[in-house]
Amino acid sequence: MLTERQREVLVLIARGLSNFEIAEKLIITKHTVKAHICAIYEILKVNCRVQAVIVAIKSNIISLEEI
């Protein structure tokens, strides 16, 4: 499934943070954030942030309490 870092990125996406904000918060580059997001989309078989969050919540990958 998702790595711990990918899960962290997904939680921050669910909180509405931009790629730039995620990069700052996790102290990584925007390019790395984008790579994590692409991997998340592929693993969850989705095409956008909203779909990723919905699938992650329905699959119990992230919880509403984390958002």
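The model is predicted: local features need pLDDT of at least 70, side-chain atom pairs count only at pLDDT 80 or more, and totals for chains, interfaces and linings use all residues. Residues are numbered from 1 along each chain as its sequence is written, and side-chain values use heavy atoms, leaving out hydrogens and water.

**Core.** Select L10, I22 and L44. Of the 22 residues in the largest nonpolar core, these touch the most other members. Such a core is a set of buried Ala, Val, Leu, Ile, Met, Phe, Trp, Tyr and Cys residues joined through side-chain atoms within 4.5 Å; buried means under 20% relative accessible area with a 1.4 Å probe, protein chains only. Now colour α1 (4–14), α2 (19–26), α3 (30–44) and α4 (49–58): each supplies at least two core residues. Helices here are DSSP runs (H or I, at least four residues), numbered from the N terminus. α1 gives the most, six residues.

**Helix α1.** Show Q6, V9, L10, V11, L12, I13 and A14; these are buried. The buried residues of α1 pack against α2, α3 and α4. Step just past the helix to G16, which takes a positive phi of about 90°.

**α1 on α2.** The two helices pack at about 130°, with axes 10 Å apart. Axes are lines fitted to C-alpha atoms over the stretch in contact, and angles run from 0 to 180 degrees between N-to-C directions. Select R5, E8, V9, L12 and I13 of α1, then I22, K25 and L26 of α2: they make the contact, meaning heavy atoms within 4.5 Å.

How values were computed:
Buried means under 20% relative accessible area, exposed over 50%, partly exposed in between (1.4 Å probe, protein chains only).
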